[in-house]
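Here are a few exercises on packing, pairing and contact, each with a worked solution. Have your viewer ready and try each task before reading on.

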Amino acid sequence: MEKPAKITLEQWDARYAHLRAGGLVGPFYGGPLGRHLADGDRRLSKLRYDNSPAALRLWNFLLTEDDRLFAARQAGRKIVGVMKDLGTTAVMAMSLPDVTAFYPDGAWWIPCVMEHGSCVLEVADSMGLDESFCPVRAMLGAFANGEHFPRPDLLVCSAGAVCDDFSAVAQLVEHLGNPILWWEMPTRRHPAADEPAVRLPTGFLAPASQVAIVRGELGRVREALEELAGRELDDATLAAGIARANHARGVLDELRRLAYSAEPCPIPALEMLIAEMLIIHYCSDRDEAPAVLEELLAEARRRALAHVGPLPAGAARIFWVNPVADLRVMNLLEDCGGRLCGTELLFCHSLEAIPADCPPMEALARAALADPMVGPAQDRAERICADIGRFGAEAVVISRIPGASHCALEGGLIGGIIGKRLGLPVLEIEVPPLSDSMMPTLRTRLEAIVEVVKERRR
Amino acid sequence: MICAGIDAGSRAVKAVLLDSRSLATLGSSVLDQGVHQDRTAFAAIEQLLAPRGLSRRDVGWIVATGYARNIVEFADTTITEITCHACGVRHQMPSARTVIEIGGQDSKLLRLADDGRVRDFAMNDRCAAGTGRFLEMVAGKLEVPLGRLGELAARAANPAAISSMCVVFAETEIIGLLAGGACPEDIIAGVLGAIASRVAAMVGRHLEEPVAFTGGVAMVPGMDSALAGVLGRPVTVVNYPQMTGALGAAILAARSCGQPLV
């Protein structure tokens, strides 16, 4: 086994040539990582990558999604944009054989990966969404310029208790001439004492009546998908789709368990971030995504068994809250002496198995209502505290998304609850899509939290 | 053995020379930060060594801190200013449970455990709001020496409301206030109060006493009382507040002397 390490893009290309000469057979979307730089993904040259073939496959899979989507369009497949609910409607859409689902929200990484070369934020600016809005406004620019994904045949988007910023962006997307099927997500509340309640996959408890509301709303999505596909999306088909989703989620769960608990850390933070994001919509390929995760899991197992990893042993164990708009910050955490030991990236409901002991639409409704963003911040904090215990994190970083109002509101509350309940140090930072100018100060904060952790160990 | 701490800040480089056994301060120096930050840091330590007939080789261990810490190539190791300020305050004021540090380009809040360890911290460094750079701009605009800000603020009859904490916009606001007839004393009092409010927001609702105040801005007379007023608690300026980070770095160097500290 090659010694695990983090390497540059240039080093990866040299390594790729070496691996190919040694007989590596890559997937159909494989190839040297450097070629994506030529596509305009300039940020890649500033990142450090895991040196395993499994990580190469993960990156190539991620960075070829637009090719897959345009190929799907060429092949006559129906394309559905599943917006905001982060994991449930993608499972429904991809249960249909001739439908490809993608996640337009993912466009929020375009400004980072292309280092503003795409101008999607500038387009959003010109349409009235300036930097006081969440970077997900990049999605508006992507819809406007049509370069990053084909125009979907159907767009579905949750609204209501989900992110207000996102709803505002999505409304402007609709005004561009992209009709959206909106479905309502109620604010999840705690059931009254005498009220029938349902335990959701994340462990939250919700009134059965709210699950019924979501079930009804998802029923409308189901009808729209059936109309689009020209075929029935029956319970058996949905159940099969759920089973496939649960398989992928199971693989990711085991990968997270290993990556966040083995010592030394077997898989770096950046690759884990990408792996977790994959579960939302499978990077538009529900067959390949689990295979990509399985290869990464196999690598993690090998390394954990051999007690090796790309990071030195003893790194400070950090639980990370919220996704970062700039991928480079995940590298920075490790440069500062930290490692990931658990995450809550706003979609923990998509990491959990969808219930298999109830009818599929009921199961999907429960999964959707488990979204950490649609309930009280207290629920989210409780879930984070439980996961911190599961992975043995020593400190928490809450990464605010600039312009995202939920982050400003929730960060302090969540940090306060964690501090009070677990007595762990909590650091709040803010990460814009390109954080280069803030790197010194981000470095200071992350180094400081690592110092605090190590001092606490003494 | 002799150890040293260097705090390479945004506005000044501070150095402290320490006897590693007694932790007695042997000397300290302050230089304005320059373009060649490594050279400035070296000059700061040279100022302490040369008069004593010493050289770099005679210093057992050097810890660099501050925003330019990684540029100080002759240091043995770097430690963040969070840890260094906590250590420096612990040395000077062991009872402190909260540290407010306002430097040239950022402000920090540290919460300390009973044993002096950092329990938690917060930083404001998105812009120059509530920092020494902000005060420099105000003093420059009003043509008043920094050292007189407190004295003038004490004479204010109606402290002005400063709404903008961005250096550029605040400058515009001050021009507007002057044009509207506000006197410099009222403007200065308004600025000190605004900075204190900014720091208080970082403190939040849970403030443990005693509160220590460090950093270059702690030397500005009147800033401590502005902070105390907003926080509703006494605030103690530590001795030589500008040197606290360098002192902490020197103490950590003394503790370390080659051993990994953290």
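**Exercise 1.** At what angle do helix 3 and helix 12 of chain A pack, and how far apart are their axes?

*Solution.* Step one: locate helix 3 (residues 53-63) and helix 12 (residues 269-281) of chain A; helices (H or I, at least four residues) and strands (E, at least two) are DSSP runs, numbered from the N terminus. This is a predicted model, in which local features need pLDDT of at least 70 and side-chain atom pairs count only at pLDDT 80 or more, while totals for chains, interfaces and linings use all residues. Residues are numbered from 1 along each chain as its sequence is written, and chains are lettered from A and ligands numbered from 1 in the order in which they are written.

Step two: the helices pack at about 50°, with axes 11 Å apart (axes are lines fitted to C-alpha atoms, for helices over the stretch in contact, and angles run from 0 to 180 degrees between N-to-C directions). That makes helix 3 of chain A oblique to helix 12 of chain A; angles under 35 degrees count as roughly parallel, over 145 as roughly antiparallel, 65 to 115 as roughly perpendicular and the rest as oblique.

Step three: Ala55(A), Leu58(A) and Leu62(A) of helix 3 meet Glu271(A), Ile274(A) and Ala275(A) of helix 12 (contact: C-beta atoms, placed from the backbone, within 7 Å).

**Exercise 2.** In what order do the 5 strands of the open sheet in chain B run, and which strands stand at the edges?

*Solution.* The order is 8-7-6-9-10, with mixed pairing (two strands pair if DSSP finds at least two bridges between them). Strand 8 (118-124) and strand 10 (235-237) of chain B are at the edges, each with a single partner strand, so one side of each has no neighbour in the sheet. From one strand to the next, the twist averages 20°. Next, look at strand 9 (residues 211-214) of chain B, which pairs with strand 10 of chain B in the parallel sense over 3 bridges. Phe213(B) stands opposite Val237(B) of strand 10.

**Exercise 3.** How are helix 3 and helix 6 of chain B oriented to each other?

*Solution.* Helix 3 (residues 132-142) and helix 6 of chain B pack at about 175°, their axes 11 Å apart. The two helices are therefore roughly antiparallel. Phe134(B), Val138(B) and Leu142(B) of helix 3 make the contact with residues of helix 6 that include Ile187(B) and Val191(B). Helix 6 (residues 184-203) of chain B also lies across strand 6 (98-102), strand 7 (107-112) and strand 8 of chain B, at about 40° to strand 7.

Note on methods:
Two residues are in contact if their C-beta atoms, placed from the backbone, lie within 7 Å.
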